[in-house]
Amino acid sequence: MGKISNTVNYYFSDNKRFADLFNAVFFQGKAVVEPELLSEGSEIYHQPEMRNAKTEQSGERTERIRDVCKKMRTGGVLRILALENQELVDYAMPFRCMQYDTMEYGKQLDEIRRRNEREGCLDTRAEIFSGLLKEDRLEPVYTLCLYHGEDKWDGPRTLGDMVSFEGEEDVFRTIFNDYPLRLYCLNEADNLEMFHTEVRQLFCALQYRKDRAGLRRLLESDPVYRHLDRDTLEALAVLLKLPAVWERKDRIMNKKDDREEYDMCQAVREWAEEERQIGKKEGRKVGRKEGRKEGREEIRAAIVRNLIRRGDTDEAIMQIAECSREYLASIRKEM
């Protein structure tokens, strides 16, 4: 997993940001998911042991881990809320999310069966066969895929988009059990006002990844960028590929009511000014270098002109001035 994915996962492991993301995407910003009700729900899923068809030997079990997973209990229902963050377009994403969900349901089923067997509460043939009581229920799973890449998402958005049909008139399409991908593409976002934490500032800034001038205008226009928390500043520096901003964190930090705040506007201004100064310095170096080069050429031309007036031979002039016959001819033409 790369630095960008790790940064996004860590950023949304915070309950307030996680709840803000789900509320904005699914509930138009209404506070349905409450941060206080969230608890850590990360699980390691073990895929069934696979057999190698060539060697007939059993393969190793593979482990899969959710990017971010939370549990939330409302009333008597425990819900599993999961986030998959994606930087690149994945043409298998609907299947991947479906696989994560089925592994979660499979884990729940195994736990229920072990509990029922341990407690010896299975009586009927149906209960013994399934390992479940009639009233046993699974905890619902909700998976959101956050795509924050720069390219347009041109991948499938449902499992059906990955399946081959004989056109729109295929009658089998109507009986196919589709699986929708709950996808939020940041580069298609038009509801950023639905966010109520600094997730809004993060997502707004990412709209200007290829427009540094637009980014500067955004930072100057929104005062929140002068009072960012540490995590948001780090996420912006990593996702905008501005390491110079993070390197200045100690210089742009202020404390307010025991809370650390970071002024990203100041960091960007300092970085831009340093870039301009470096550019000017390099420009002066190039100018001096070009000036010295022009001076040397003028001296050489003067030497050639004097030698021509003195009547030296072409061979002697070329040897003394270290010039070509074409250069000598051009000076004669000027004279």
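**Strands, salt bridges and a buried aspartate**

Reader: Starting in the sheet. Which residue does Cys145 stand opposite in β7?

Author: Leu183. Strands here are DSSP E runs of at least two residues, and helices are H or I runs of at least four, both numbered from the N terminus.

Reader: What kind of model is this?

Author: A predicted one: local features need pLDDT of at least 70, side-chain atom pairs count only at pLDDT 80 or more, and totals for chains, interfaces and linings use all residues. Residues are numbered from 1 along each chain as its sequence is written, and side-chain values use heavy atoms, with hydrogens and water left out.

Reader: Back to β6. How many bridges join β6 to β7?

Author: 3, and the two strands run parallel. Strand β7 covers residues 183-185. Strands count as paired when DSSP finds at least two bridges between them.

Reader: And how many bridges join β5 to β6?

Author: 7, again with the strands running parallel. Strand β5 spans residues 77-86.

Reader: Zoom out. How many helices and strands are there in the protein?

Author: 11 helices and 9 strands. Of the 335 residues, 39% count as buried. The protein exposes about 20900 Å², with carbon and sulfur atoms supplying 50% of that area. Areas come from the Shrake-Rupley method with a 1.4 Å probe; for residues, only the protein chains shown count as cover.

Reader: What share of the contacts joins residues at least 24 apart?

Author: 59%, taken among contacts between residues at least 6 apart in sequence. A contact means heavy atoms within 4.5 Å.

Reader: Salt bridges next. How many does the structure hold?

Author: 17. Each is a side-chain nitrogen of Lys or Arg within 4 Å of a carboxyl oxygen of Asp or Glu. One of them joins Arg66 to Asp101, with the closest N and O atoms 2.7 Å apart. The partners are 35 residues apart: Arg66 is in the loop between β3 (63-65) and β4 (68-74), Asp101 in helix α3 (residues 93-119).

Reader: Is that pair buried or exposed?

Author: Arg66 is buried, and so is Asp101.

Reader: Which residue does Glu188 bridge to?

Author: Arg157, with the closest N and O atoms at 2.9 Å. Glu188 sits in the loop between β7 and α5 (199-206) and Arg157 in the loop between β6 and β7, so the pair ties together parts 31 residues apart in sequence. Glu188 counts as partly exposed at 36% relative accessibility, and Arg157 is partly exposed at 33%.

Reader: What about Asp314? Which residue is its salt-bridge partner?

Author: Arg332, with the closest N and O atoms 2.5 Å apart. Asp314 lies in helix α10 (residues 314-321) and Arg332 in helix α11 (residues 325-334), so this pair ties together parts 18 residues apart. Asp314 is partly exposed at 25%, as is Arg332 at 37%. There is also a network: salt bridges that share partners join Arg17, Asp229 and Asp231.

Reader: Now Asp20. Where is it?

Author: In helix α2, residues 15-27. Asp20 is buried yet has no salt bridge. The nearest side chain of opposite charge, Arg200, is 7.3 Å away. Here Lys and Arg count as positive, Asp and Glu as negative; His and the chain ends are not counted.

Reader: Which backbone nitrogen does the Asp20 side chain reach?

Author: That of His196, at 3.0 Å. Leaving aside neighbours within four places in sequence, Asp20 is in contact with Met194, Phe195, His196, Thr197 and Val199.

Reader: Last topic, backbone angles. What is phi of Gln28?

Author: Near 50°, a positive value in a residue other than glycine. Most residues other than glycine have a negative phi. Gln28 lies in the loop between α2 and β1 (38-40) and counts as exposed at 56% relative accessibility.

Reader: And where does Lys241 lie?

Author: In the loop between α7 (230-239) and α8 (243-247). Lys241 also has a positive phi, about 55°, although it is not a glycine. Lys241 is exposed, with a relative accessible area of 54%.

Definitions and conventions
Buried < 20%, exposed > 50% of the residue type's maximum accessible area, 1.4 Å probe, protein only. Polar contact = N/O pair within 3.5 Å; in protein donor to acceptor, adjacent residues only side chain to side chain.
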